[in-house]
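Student: I would like a close look at one part of this protein. Please take me through it step by step.

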Amino acid sequence: GGRRHTRPPPRHAADDDEQRCGSPARAVGASPARARRAAPPLPSVPEAGEPAAPPRQSGEERASIASLLTFSWVGSLLAAGRRRPLEAEDVPALSQEDSAAHNAGLLHAAWEGEVARRGGLDASFFGAAHGAFGRYFWASAGYKLVNDVFIFVNPALINVIVGYINGDASQAGLSRGGAFGC
């Protein structure tokens, strides 16, 4: 028989990235299938009778007011994620009020109150959810409304300020104090 020439399989950019980065999960442009194959195993659950490691306290709970306002409390976690892939033990536990168990308890108590108030068939899940979480949703809606108003008004204010700077104060409708206030 004749001599057959075989071509090597085509190389992909993800293969080159894998060789440079050492891991297909970290490779830029790696395919999702390749990243799934290389995904680390899930953390093991302790056996019965084996003590579980205590969860790390939430950085949000330890943060000062200034740190909360600037989100600097999450900086150490972001820095660790920049250096290497985060592990489960790197991520602190949620605060108690953000946990699913706590919120499920709030919703369950609100549902029980709704059933007691309206009766079993007339009870409303929306009413229970509003009773449990309505304050947070209404506050969020208020913040969103203020944000949308500022986004809408901002270009108009910029137009007035630019008109004032260009010397067209009559069209801008601003006094010096009003321009300074903008």
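Student: Which residues does S58 touch, not counting residues up to four places away in sequence?

Tutor: This is a predicted model. Leaving out residues up to four places away in sequence, S58 touches P92, A93, L94 and S95.

Now place S58 on the chain. S58 lies in a loop. That loop runs between α2 (32-37) and α3 (59-62).

S95 has a relative accessibility of 7%, so S95 counts as buried. Its contacts point back to where we started. With residues up to four places away in sequence left out, S95 touches S58 and E61.

Follow the chain on to α6. This helix covers residues 100-118. Helix α6 packs with helix α7, which covers residues 125-165. Their axes are 8 Å apart, and the angle is about 125°. The two helices are therefore oblique to each other. Their crossing is right-handed. From α6, the contact is made by N103, L106, L107, A110, W111 and E114. From α7 come F125, G127, A128, A129, G131, A132 and F133. Sorted by class, this contact has 9 nonpolar, 3 polar and 1 charged residues.

Step back to the whole protein. The protein has 182 residues, and 15% of them count as buried. Read along the sequence, the pattern is α-α-α-α-α-α-α-α-α.

Last, check the confidence. The mean pLDDT of the protein is 74. A pLDDT of 70 or more is reached by 61% of the residues. Over residues 13-43, the pLDDT is below 50. Beyond near neighbours in sequence, that stretch has 25 contacts in the model. Where pLDDT is low, predicted coordinates should not be read in detail.

Definitions and conventions: Residues are numbered from 1 along each chain as its sequence is written. This is a predicted model: local features need pLDDT of at least 70, side-chain atom pairs count only at pLDDT 80 or more; totals for chains, interfaces and linings use all residues. Side-chain values use heavy atoms; hydrogens and water are left out. Axes are lines fitted to C-alpha atoms, for helices over the stretch in contact, and angles run from 0 to 180 degrees between N-to-C directions. Helices (H or I, at least four residues) and strands (E, at least two) are DSSP runs, numbered from the N terminus. Angles under 35 degrees count as roughly parallel, over 145 as roughly antiparallel, 65 to 115 as roughly perpendicular and the rest as oblique. A crossing is left-handed if the near helix is turned anticlockwise from the far one by less than a right angle, and right-handed if clockwise. Contact means heavy atoms within 4.5 Å. Ala, Val, Leu, Ile, Met, Phe, Trp, Tyr, Cys and Pro count as nonpolar, Asp, Glu, Lys and Arg as charged, and the others, Gly among them, as polar. Buried means under 20% relative accessible area, exposed over 50%, partly exposed in between (1.4 Å probe, protein chains only). pLDDT is the predictor's confidence in each residue, from 0 to 100.
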